[in-house]
Amino acid sequence: MPAGPEDKRTSLIHDDGKCRCGWPGHDPLYVQYHDTEWGVPEWDDRALFEKLILDGFQAGLSWITILRKRDNFRRAFDGFEPEKIARYDRRKLDRLMQDEGIVRNRAKIDGSVLNARGWLAIQEQHGSFSEYLWDFVGGKPKQNNWTHLREVPVESPESQAMSKALKKQGFTFVGPTIIYAFMQAVGMVNDHTTDCFRHAQVKKLKRRA
C-alpha cells in the first residue's frame, strides 16, 4: 500500500457492493486511484519516472496529499519530462519553492534534478529506464496473496536492490520503503489483498502488452 501514515485497516465493503483494500477508505479520489491505477503494470519510461519522483515527494506524508496535488506537480515540473528537469537552474528551483500547489521542500525539489540526470544516465547506459527497473523483478509482476493488510511488507529484497542501484546512479529519496511503495503502485508486485476485487483483475495483467 502507499508508504506513509496510511490507514492499516483490513478490506472494506463499499456502497457499490465491491470489496476493496482498506487503505483508500471511502475518499472518492483515493478509491478511483485504487480501482484504476494502483497495481496496474506500468511500462512507460516517463510515467515510471513521474511516479518515482512523486513517491519521493511523499516521504513523510500521506499519498492522498500528493494525489490531490498531482496535477499541480505535472504543471510545475513540465509534465515530468526528465530532459527538461535535468536542465533546471537555480531560478527555476527557487520558483518551485514559491509554488503553493506542490510540496515545497528544498531537498526534494533539488533532488528531482539529480533524479532526472540519473534517469538520463540509465537511458544512455541501458536504453530503457523501464527495462532497467523491471529487471529487478524478473521482467514481470510478482503475484502476492495477502489476506490481510498487516501481512503486506514495507520493503523487500527487490526494493532493497533497486534502491541501492538507483542511489549509485545519483538518485535521492529512493530508500527501500519508498521503492517498495513505488513497486506496488506501478504493478511490479500485486499487493491487493485477495478479497479485494482488484486482486484478480490485476493478476491477469502479467506481461507487457
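Helices here are DSSP runs of H or I with at least four residues, numbered from the N terminus. The model is a predicted one, in which local features need pLDDT of at least 70, side-chain atom pairs count only at pLDDT 80 or more, and totals for chains, interfaces and linings use all residues. Residues are numbered from 1 along each chain as its sequence is written, and side-chain values use heavy atoms, with hydrogens and water left out.

I begin with Ser130, which belongs to helix 7, residues 129-134. Is Ser130 buried or exposed? Ser130 is buried, at a relative accessible area of 1%; buried means under 20% relative accessible area, exposed over 50% and partly exposed in between, with a 1.4 Å probe and protein chains only. A polar atom of the Ser130 side chain lies 2.8 Å from the backbone oxygen of Trp43.

After helix 6 comes Gly127, with a positive phi near 85 degrees. Among the buried residues of helix 6 are Lys108, Asn115, Trp119 and Gln123. The cover over the buried residues of helix 6 includes helix 2 (45-58), helix 7 and helix 8 (157-168).

Finally, Leu29, Tyr30 and Tyr33 of helix 1 meet Trp63, Ile64, Leu67, Arg68 and Arg70 of helix 3, where contact means heavy atoms within 4.5 Å.

How values were computed:
Helix = DSSP H or I, 4+ residues; strand = E, 2+ residues; numbered from the N terminus. Polar contact = N/O pair within 3.5 Å; in protein donor to acceptor, adjacent residues only side chain to side chain.
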